[in-house]
Amino acid sequence: MLSPVKRFVAWRRWPQALVMLGGSLLAAGLISCGTVERAVVAPPGIPGATYVGSKACEECHEQITRGFATAAHARLLAPGPNAKEMGCESCHGPGSKHAESGDRLTILNPKKSPDLCFQCHLDKRGEFNLPHSHPVLAGRIACSDCHDPHQGALMAKAGLFAQGGNALCLNCHAAQHGPFVFEHEALRDGCTTCHRPHGSVNAKLLTQRNQTLCLKCHFQQQQSGGQLLIGGMDHTSFVRQGTCWSGGCHEAVHGSQVNSSLRY
Ligand code: HEC
Ligand code: HEC
Ligand code: HEC
Ligand code: HEC
Ligand code: HEC
Ligand code: HEC
Ligand code: HEC
């Protein structure tokens, strides 16, 4: 749980709410979610409004509500004597006023801003602040480009996260899309075998910055000292020259049209 001071700071990071709703956010009656053990869980507030539960949204937002039962956020609970499941409202704020009026100014729409997600997923703010990251903080791509907030037991956008997420990633990264004459079987395990989806200390969002990235699959028992056998060939002098994918070696790491050793 956050101290009141830290909570206030967390609220201040949410300018939309301040501008749109005005008034005292601290008076909004903060609650936290019972199912969570993370350090920060402060759902948004709307002055004067109370939590009514996801069922109240059904009447007017039938389509969104229909798929919601499968979403991870549908299971969040507010503690306390009047606890209701707070699914929709964990992101859109307490909905009593809006459910009466249908007025869009009485409900929050996080749209492109990741700030709301960071309220509960504080560690993700850190990941997107790493030296190399998907440009979410710059507003060029949104959490909801990869995660559907409204449905899915799977973590990322429905359907696109099949095959370890390749389809999701290839949606935006056409250059890595095959078919290749010489495919690299590593891609069958998914893009996230080698890339972090959010951010990394390593360039190109890589999970490791050197040959350990490749050796986790290409390691082989060494027969004699002073040699580094990879694929049956002594690589001792090669690995001194740089990474496996630089220095004129296996640059076509996602697959090659010309060379079985993954060169251009
Ligand atoms: C009485 C009908 C009604 C109910 C009940 C209702 N809504 Fe709405 N909602 C609307 C209408 C109408 C709009 C579109 C308003 C507009 O475009 O001006 C809307 C828009 C929204 C928006 C988009 C706001 C924006 O800035 O564009 C969100 C988010 C939303 N509703 C969430 C909810 C949630 C969460 C609940 C349940 C707590 C809920 N609604 C219950 C009628 C309703
Ligand atoms: C995990 C957070 C989260 C939860 C939970 C959530 N939403 Fe949303 N909702 C969002 C985000 C993010 C957007 C903006 C999506 C976008 O357009 O990129 C949004 C947009 C909307 C909109 C506007 C859609 C539009 O086309 O403009 C409505 C209406 C809405 N949500 C209703 C609901 C209802 C009803 C529920 C519960 C059944 C719900 N939301 C649960 C995050 C959430
Ligand atoms: C009120 C707090 C809260 C907010 C706001 C919130 N989340 Fe979550 N989220 C959670 C909790 C708690 C879980 C873990 C649920 C579980 O393990 O069952 C979770 C789980 C997730 C997961 C993993 C789902 C899975 O299948 O394991 C993703 C992805 C996610 N959230 C993305 C988002 C995004 C994107 C937003 C903003 C649109 C957001 N969350 C807003 C509390 C929140
Ligand atoms: C480029 C696509 C992409 C974007 C943008 C993205 N995610 Fe993710 N996220 C993923 C993928 C893929 C995974 C699954 C990681 C894995 O299985 O190794 C994931 C996993 C998660 C998880 C659950 C596992 C974990 O690491 O805790 C949460 C929570 C989450 N993301 C939240 C967010 C939030 C919040 C944002 C926006 C601030 C966001 N994500 C933006 C692709 C993305
Ligand atoms: C919604 C579109 C979108 C999706 C989906 C997406 N990306 Fe990206 N990706 C981007 C953008 C935009 C950049 C930043 C490119 C730039 O700065 O020029 C980027 C950058 C990258 C980079 C770094 C490129 C560089 O030159 O440094 C890698 C690696 C990457 N993405 C891998 C992935 C992986 C793996 C996935 C799936 C988990 C994924 N992307 C999903 C849009 C996307
Ligand atoms: C076997 C490990 C591996 C897998 C699996 C992998 N990549 Fe990469 N990827 C790399 C390496 C290594 C680089 C860095 C290449 C460089 O710096 O020249 C890279 C670079 C990138 C870049 C930056 C553009 C570039 O060529 O420099 C993007 C975008 C990218 N990968 C997307 C993807 C996508 C999408 C997938 C899944 C379809 C994927 N990667 C799977 C290892 C991998
Ligand atoms: C997830 C496991 C995995 C990772 C990680 C991986 N590979 Fe592979 N790679 C394979 C498999 C499987 C094959 C096909 C079987 C074989 O030839 O060993 C292959 C084949 C290759 C080949 C073709 C060998 C030939 O001539 O037939 C090269 C070159 C290669 N990988 C380079 C790399 C490089 C460079 C990296 C690091 C960027 C890497 N691999 C990371 C699994 C992986």
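Cys 117 sits in helix α7, which spans residues 115–120. Helices here are DSSP runs of H or I with at least four residues, strands are runs of E with at least two, and both are numbered from the N terminus. The model is predicted: local features need pLDDT of at least 70, side-chain atom pairs count only at pLDDT 80 or more, and totals for chains, interfaces and linings use all residues. Residues are numbered from 1 along each chain as its sequence is written, while chains are lettered from A and ligands numbered from 1 in the order in which they are written.

Cys 117 counts as partly exposed because it has 19 C-beta neighbours inside 10 Å. The scale is as follows: a residue is buried if 20 or more other C-beta atoms lie within 10 Å of its own, exposed if 12 or fewer, and partly exposed in between, with C-beta atoms placed from the backbone. Leaving aside neighbours within four places in sequence, Cys 117 is in contact with Lys 124 and Cys 143. Contact requires the C-beta atoms of two residues, placed from the backbone, to lie within 7 Å. The C-alpha atoms of Cys 117 and Cys 91 are 7.8 Å apart, across 26 residues of sequence. Leu 116 is also in helix α7. Leu 116 has 24 C-beta neighbours inside 10 Å, so it counts as buried. Its C-alpha atom is 9.5 Å from that of Ser 90, which is 26 residues away along the chain.

The chain has 264 residues, of which 21% count as buried. It holds 12 helices and six strands. Among contacts between residues at least 6 apart in sequence, 53% join residues at least 24 apart. The mean pLDDT is 77, and 75% of the residues reach 70 or more. pLDDT is the predictor's confidence in each residue, from 0 to 100. Over residues 1–41 it stays under 50, and the model has 60 contacts beyond four places in sequence for this stretch. Where pLDDT is low, the predicted coordinates should not be read in detail.

Two ligand shells were examined. A residue belongs to a shell if its C-beta atom, placed from the backbone, lies within 6 Å of the molecule. Ligand 1 is surrounded by 16 residues, the closest being Cys 57, Cys 60, Gly 95, Gly 102 and Asn 109. Elements giving two or more residues to this shell are α3 (55–58), α5 (89–92) and α6 (96–101). By class, the shell divides into seven nonpolar, six polar and three charged residues. Nonpolar covers Ala, Val, Leu, Ile, Met, Phe, Trp, Tyr, Cys and Pro; charged covers Asp, Glu, Lys and Arg; the others, Gly among them, are polar.

Ligand 2 has 19 residues around it. The closest are Cys 57, Phe 68, Cys 88, Cys 91 and Pro 149. Helices α4 (62–68) and α5 each supply at least two residues of the shell. Its composition is eight nonpolar, 10 polar and one charged.

The largest nonpolar core has eight residues: Val 136, Cys 143, Cys 146, Leu 168, Cys 169, Cys 191, Cys 194 and Leu 213.

A cis peptide bond joins Gly 178 and Pro 179, with omega about 0 degrees. Pro 179 falls in the loop between α10 and β2 (182–183). Leu 205 is not a glycine, yet its phi is positive, about 60 degrees. This residue lies in the loop between β3 (199–200) and α11 (212–218). With 19 C-beta neighbours inside 10 Å, Leu 205 is partly exposed. Ala 203 lies in the loop between β3 and α11. Ala 203 is exposed because 9 other C-beta atoms lie within 10 Å. Its C-alpha atom is separated by 7.9 Å from that of Pro 131, 72 residues apart along the chain. Leu 262 also has a positive phi, near 60 degrees. Leu 262 is found in the segment after β6 (255–256), and is buried, with 21 other C-beta atoms within 10 Å.

Conventions: Core = buried A, V, L, I, M, F, W, Y, C linked by C-beta atoms within 7 Å.
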